[in-house]
Structures are given as structure tokens and as C-alpha cells.
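Reader: I'm new to this one and would like to learn how to read it. Could you walk me through it, feature by feature?

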Amino acid sequence: MTYAEIHNAIRSRFKTLIEDGQGLPTLYANDGQTAPQDNAMWCRFYIHDSAGQRLTVGVKNYRRSGIAVAQLFGPAGQGDGELIEMADAIVEAFTSVSAGGVRYLTAYQQPVGLEEGRYQINVICPFEAEHQA
């Protein structure tokens, strides 16, 4: 898979299962939108590629890997229960599953705390995909 195909598969899965499926307003990398100004929960979603790995000698067969990150933001001072529930839904959707040519490893959450005047929890979703040139 090319990087474009990998990114499209990951974003499509997130949009279908989380943004639309869970009703989570989401900003994607460089999409020109601004963060919601109301007190509702929202997400910033981006993909960070890691170095690839050659799998075979003589054949251009590579494993591409990286992480997809869902930064969840909720109102400050109202607890983290709803954010953790949303993080659980993302972990469930992106753990130990193959979809669209992408293998998702074990997703996990990282509490960040107060950021940008809101409480933040990140969900890290490691992935890998094969590419043959």
C-alpha cells in the first residue's frame, strides 16, 4: 500500500466508526477547520508515519508503520468519564484488527491533562501495512 492508501484507509475507518458512529466532531490534519468553541467534546485526528522496514532481499517488499493519534478534548472541570468512554470506543475500533489493508496493533490511551483550556486524553493507535514496489 502507498502512504496515501494507508492514510485514506485509516481516516475512513475513523470517520465511519468514531466520527459518524459515535457522533464525535473531528478535525483532520490540514483540513482548514477550527476547533469548536462550545463546551462539547471534540477530536483532532492525525497520522504519523514511522520509518519503513524492508522485508525481503531482492524484492522491494516493505512494511510501513506508524501511529494514528486521536486527541480528545472535553470541558475542563467536568471530569474525564465521557472522554474515557470515547477513548475506549476508539481503542476497541483500532486494536487487533485488519481492515482496508492496514493491521492495527494494540491501541492505548494517554491522559494529557489540561491543554488549550480543555481536558485532553490522547488515544494512540499503532498500525502497519505492506507495500510491494
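Author: Let's go from the core to the helix, then to the rings and the loops. Keep in mind that this is a predicted model.

Reader: Where do I start with the core? Which residues touch the most other members of the largest nonpolar core?

Author: The general idea is that in soluble globular proteins, nonpolar side chains tend to be buried together. Here the largest nonpolar core has 29 residues, and those touching the most other members are Ile 10, Phe 14, Ile 18, Phe 45, Leu 72, Ile 90 and Phe 94. At least two core residues come from each of α1 (3–20), β2 (42–49), β4 (61–75), α2 (81–93), β6 (102–104) and β8 (118–132). The largest share, six residues, is supplied by α2.

Reader: Now helix α1. Which of its residues are buried?

Author: First, the idea: an α-helix has 3.6 residues a turn, so residues three or four places apart point the same way. In α1, the buried ones are Ile 6, His 7, Ala 9, Ile 10, Arg 13, Phe 14, Ile 18 and Glu 19. The helix has 18 residues and spans 24 Å from first C-alpha to last, close to the 26 Å expected. Look for a bend of about 30 degrees at Phe 14.

Reader: Phe 14 keeps coming up. What is Phe 14 in contact with, beyond its neighbours within four places in sequence?

Author: Its contacts there are Glu 19, Leu 24, Thr 26, Tyr 28, Cys 43, Phe 45, Ala 70, Ile 90 and Phe 94. Phe 14 counts as buried because its relative accessible area is 0%, and the cut-off for buried is under 20%.

Reader: How do I read pairs of aromatic rings? How many are there in the whole structure?

Author: You check how far apart the ring centres are and how the planes are angled. A search of the whole structure turns up six aromatic pairs. Take Phe 14 and Phe 45: their centres are 4.1 Å apart and their planes at 25 degrees, so this pair is stacked. It links distant parts of the chain, with Phe 14 in helix α1 and Phe 45 in strand β2, 31 residues apart. Phe 45 is buried too, at 1% relative accessible area. Phe 45 also pairs with Tyr 28, this time edge-to-face, at 6.0 Å between centres and 75 degrees between planes. Ring pairs join Phe 14, Tyr 28, Phe 45, Phe 94 and Tyr 104 into a cluster.

Reader: And charges over rings? Which ring does Arg 13 lie over?

Author: Here you look for a charged side chain above the face of a ring. Arg 13 lies over the face of Phe 94, 5.7 Å from the ring centre. Arg 64 lies over the face of Tyr 3, at 4.1 Å from the ring centre.

Reader: Last stop, the loops. What is the phi of Asn 30?

Author: With backbone angles, look for a positive phi in a residue that is not a glycine. Asn 30 has one, at about 55 degrees. Asn 30 sits in the loop between β1 (26–28) and β2, and is exposed, with 83% relative accessible area. Ser 96 has a positive phi as well, near 50 degrees. Find Ser 96 in the loop between α2 and β5 (97–99), where it is exposed at 62%.

Reader: Is Ala 76 buried, exposed or partly exposed?

Author: Ala 76 is partly exposed, because its relative accessibility is 38%. You'll find Ala 76 in the loop between β4 and α2.

Methods:
Residues are numbered from 1 along each chain as its sequence is written. This is a predicted model: local features need pLDDT of at least 70, side-chain atom pairs count only at pLDDT 80 or more; totals for chains, interfaces and linings use all residues. Side-chain values use heavy atoms; hydrogens and water are left out. A nonpolar core is a set of buried Ala, Val, Leu, Ile, Met, Phe, Trp, Tyr and Cys residues joined through side-chain atoms within 4.5 Å. Buried means under 20% relative accessible area, exposed over 50%, partly exposed in between (1.4 Å probe, protein chains only). Helices (H or I, at least four residues) and strands (E, at least two) are DSSP runs, numbered from the N terminus. Contact means heavy atoms within 4.5 Å. The expected span of a helix is 1.5 Å times one less than its number of residues. The bend at a residue is the angle between axes fitted to the seven residues ending there and the seven starting there. Rings of Phe, Tyr and Trp (its six-membered ring) pair if their centres lie within 6.5 Å; planes under 30 degrees apart count as stacked, over 60 as edge-to-face and the rest as tilted. A charge sits over a ring if NZ of Lys or CZ of Arg is within 6 Å of the ring centre and within 35 degrees of the ring normal.
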